[in-house]
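Subject: Handover of a structure for your review

Dear colleague,

Please find below the structure that I am handing over to you. My notes on it follow directly after it.

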Amino acid sequence: MTPDAVDAIAGQWAAVRPDLETGPMTIYGRIYRIARAMGDRIDKVYARFGLSRGEFDVLATLRRSGEPYTLSPRELTATLMLTTGGMTGRLDKLERAGLLTRSPDPNDRRGLKVTLTDKGLALVEEAVTAGLDTQHEVVDAALDPEQREQLNGLLRLLLAAH
């Protein structure tokens, strides 16, 4: 296998600190670099739809919730791990674009409900397909189905350890 930039970093550490076992560093270094590279590619895909990744996440969360594609701002905030201020800014922009609406919660006088509009639904359907196409291009070119399944299982174990 051809050495990469992460191998070079580990090699530098080995030269100056041979006592260090850098295996975990190489694993997390590659995960980080993959995430950044794919994040950049996905950002470009979503930008074609006039969305940032964060805005896509809001629309996708509403879409995944199932009909009637409605959640409270609190549910969205918890799902996306955002502050209420960060969520408000995203909701404001998406509402101005006609991609979602906010309305009073009929079960809570102080609460709101956020609902995907037909325009928002159509946009997120296109954007999620385009994003997955981009992910498939990279993953399918690099790994066969068995390798994809194995990697997914290993990453699941690593994530569960956190």
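Against which helices and strands do the buried residues of helix 5 pack? They pack against helix 3 (53–64) and helix 4 (73–80), and also against strand 2 (100–105) and strand 3 (108–116). Please bear in mind throughout that this is a predicted model.

Helix 5 and what follows it

Helix 5 covers residues 84–96, which makes 13 residues. From its first C-alpha to its last it reaches 18 Å, close to the 18 Å expected at 1.5 Å a residue. Its buried residues are Met87, Leu91 and Leu94. Viewed down the axis of helix 5, these buried residues fall within an arc of 70°, so they line one face of the helix. Just after helix 5, glycine 98 adopts a positive phi of about 75°.

The open sheet is formed by 3 strands in the order 1-3-2, with antiparallel pairing. Strand 1 (70–71) and strand 2 are the edge strands, each pairing on one side only. Helix 4 packs on this sheet and touches strand 1 and strand 3; its direction makes about 60° with that of strand 3.

Strand 2 and strand 3 run antiparallel and are joined by 6 bridges.

The aromatic pair

How many aromatic pairs does a search of the whole structure find? The search finds 1. This pair consists of tyrosine 46 and phenylalanine 56, and it is stacked, with 4.1 Å centre to centre and 15° between the planes. Tyrosine 46 belongs to helix 2 (residues 23–47) and phenylalanine 56 to helix 3, so the pair ties together parts that are 10 residues apart in sequence. Both tyrosine 46 and phenylalanine 56 are buried.

Arginine 33

Helix 2 also contains arginine 33. With a relative accessibility of 41%, arginine 33 counts as partly exposed. Apart from its neighbours within four places in sequence, arginine 33 is in contact with Ala5, Val6 and Ile9. The C-alpha atoms of arginine 33 and valine 6 are separated by 9.0 Å, although these residues are 27 residues apart along the chain.

Backbone features in the loops

Most residues other than glycine have a negative phi, and most peptide bonds are trans.

- Glutamate 67 and proline 68 are joined by a cis peptide bond, with omega about 10°. Proline 68 is found in the loop between helix 3 and strand 1.
- Tyrosine 69 lies in the loop between helix 3 and strand 1, and its phi is positive, near 60°. Is tyrosine 69 buried or exposed? At 12% relative accessibility, tyrosine 69 counts as buried.
- Methionine 81, in the loop between helix 4 and helix 5, has a positive phi near 55°. Methionine 81 is exposed, with a relative accessible area of 74%.

With kind regards

Notes. Residues numbered from 1 in each chain as written. Predicted model: local features only at pLDDT ≥ 70, side-chain atom pairs only at ≥ 80, totals over all residues. Heavy atoms only, no water. Helix = DSSP H or I, 4+ residues; strand = E, 2+ residues; numbered from the N terminus. Expected span 1.5 Å × (residues − 1). Buried < 20%, exposed > 50% of the residue type's maximum accessible area, 1.4 Å probe, protein only. Arc of directions from axis to C-beta. Contact = heavy atoms within 4.5 Å. Pairing = 2+ DSSP bridges. Axes fitted to C-alpha atoms, helices over the stretch in contact; angles between N-to-C directions. Phe/Tyr/Trp six-rings, centres within 6.5 Å; stacked < 30°, edge-to-face > 60°.
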